Amino acid sequence: MLTSSVVLSQASSLLSVQQWRDGELRPAQDCLAEETPVAMVYNGVSHAVMLATAQDLEDFAMGFALSEGIVEQPSELYGIEVLEQEQGMALHCSIANERFMQLKERRRTLAGKTGCGLCGAENLAQAMRYPRALNNAGEFNSTSIVSALAALTSRQLLQQQTGATHASAYVLADGSISLVREDVGRHNALDKVVGALAKTGQHDKSGFVLTTSRASFE
């Protein structure tokens with residue numbers, strides 16, 4: 001039973017709760033992960049509203065633009081402005097005019113993806129899009145994967161607080177974790193990693209991505 005809450009950050013809140021222990025109700029504190037409506041705005045036009053954990057939002061904006069094909073290169077996203085609004089956050093992105101014209105032609109309206117990852121598509125062709133194959137012949141030792149998986153838990157700070165978030169990590173070939181991003185949504189966590197790698201230029205195909213939960217259709 002929830003009774004009151006204190007916002008610790010935009011990513012989590014501390015709540016006063018009643019817990020059932022040993023046959024009786026007892027007061028306790030619980031930390032819950034927060035989801036916030038995040039509007040993706042391109043050249044002044046709102047394109048999508050996602051539910052996301054409100055941290056690393058510039059990474060999220062970059063990764064979402066790349067993974068959705070709104071831009072093809074990080075250099076085509078000129079700037080990102082994060083604005084807090086009464087009902088959520090707005091990520092105002094300035095993109096190349098050519099990409100903006102293509103975006104308007106798609107006329108795709110998203111109201112936040114569900115777990116299947118297909119909602120928001122206007123037709124079957126949009127729903128069943130397949131990315132270009134990666135020209136990457138890299139191989140990774142199984143010990144590197146196991147090592148990274150074992151180390152990931154200690155890097156999931158929000159998960160340790162709330163027990164309710166997914167994580168994606170970029171892992172170097174030797175199994176060492178380079179960066180981690182967290183979100184209630186696993187798609188969002190992966191987009192944040194994509195954005196972080198694009199911003200730092202660390203996308204040389206020398207490592208791999210490790211993500212919690214299942215690998216989804218996208």
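Reply: Contact here means heavy atoms within 4.5 Å, and buried means under 20% relative accessible area, with exposed over 50% and partly exposed in between (1.4 Å probe, protein chains only). Helices (H or I, at least four residues) and strands (E, at least two) are DSSP runs, numbered from the N terminus. The model is predicted, so local features need pLDDT of at least 70 and side-chain atom pairs count only at pLDDT 80 or more, while totals for chains, interfaces and linings use all residues. Residues are numbered from 1 along each chain as its sequence is written, and side-chain values use heavy atoms, with hydrogens and water left out.

H2 runs over residues 97–106, and its buried residues are Arg99, Phe100 and Leu103. They lie on the same side of H2, because they cover an arc of only 100° around the axis, the arc being that of the directions from the helix axis to the C-beta atoms. On the other side of H2, Asn97, Glu98 and Glu105 are exposed. The general rule is that an α-helix has 3.6 residues a turn, so residues three or four places apart point the same way.

E4, E5 and E7 also meet helix H1. The buried residues of H1 pack against these strands, and also against strand E6 (77–85), strand E9 (177–183) and helix H6. The list of buried residues in H1 reads Leu57, Asp59, Phe60, Ala61, Met62, Gly63, Phe64, Ala65 and Leu66. H1 is largely enclosed by the rest of the structure, because nine of its eleven residues are buried.

Phenylalanine 60 and phenylalanine 64 are both in H1, four residues apart, about one turn of the helix. The relative accessible area of phenylalanine 60 is 0%, so it is buried; phenylalanine 64 is buried as well, at 1%. Rings of Phe, Tyr and Trp (its six-membered ring) pair if their centres lie within 6.5 Å; planes under 30 degrees apart count as stacked, over 60 as edge-to-face and the rest as tilted. Two aromatic pairs are counted by this rule. The rings of phenylalanine 60 and phenylalanine 64 form an edge-to-face pair, because their centres are 6.2 Å apart and their planes are at 70°.

Next comes the meeting of H1 with H6. The axes of H1 (residues 57–67) and H6 (residues 186–200) come within 6 Å and cross at roughly 95°. H1 is therefore roughly perpendicular to H6. Axes are lines fitted to C-alpha atoms, for helices over the stretch in contact, and angles run from 0 to 180 degrees between N-to-C directions. Angles under 35 degrees count as roughly parallel, over 145 as roughly antiparallel, 65 to 115 as roughly perpendicular and the rest as oblique. Among the residues making this contact are Phe60, Met62 and Phe64 of H1 and Asn188, Val194 and Ala198 of H6. By class, the contact has seven nonpolar, four polar and five charged residues (Ala, Val, Leu, Ile, Met, Phe, Trp, Tyr, Cys and Pro count as nonpolar, Asp, Glu, Lys and Arg as charged, and the others, Gly among them, as polar).

On the H6 side, asparagine 188 is buried, with a relative accessible area of 4%. Not counting residues up to four places away in sequence, asparagine 188 touches Met50, Leu51, Ala52, Phe60 and Asp183. Asparagine 188 and alanine 61 are 127 residues apart in sequence and 9.8 Å apart in space, C-alpha to C-alpha.

Aspartate 56, in the loop between E5 and H1, has a positive phi of about 55° although it is not a glycine. Aspartate 56 is partly exposed, at 32% relative accessible area. After H1 comes glycine 69, with a positive phi near 75°.

As for the whole, the protein chain has six helices and ten strands. Of its 218 residues, 38% count as buried. Among contacts between residues at least 6 apart in sequence, 49% join residues at least 24 apart.
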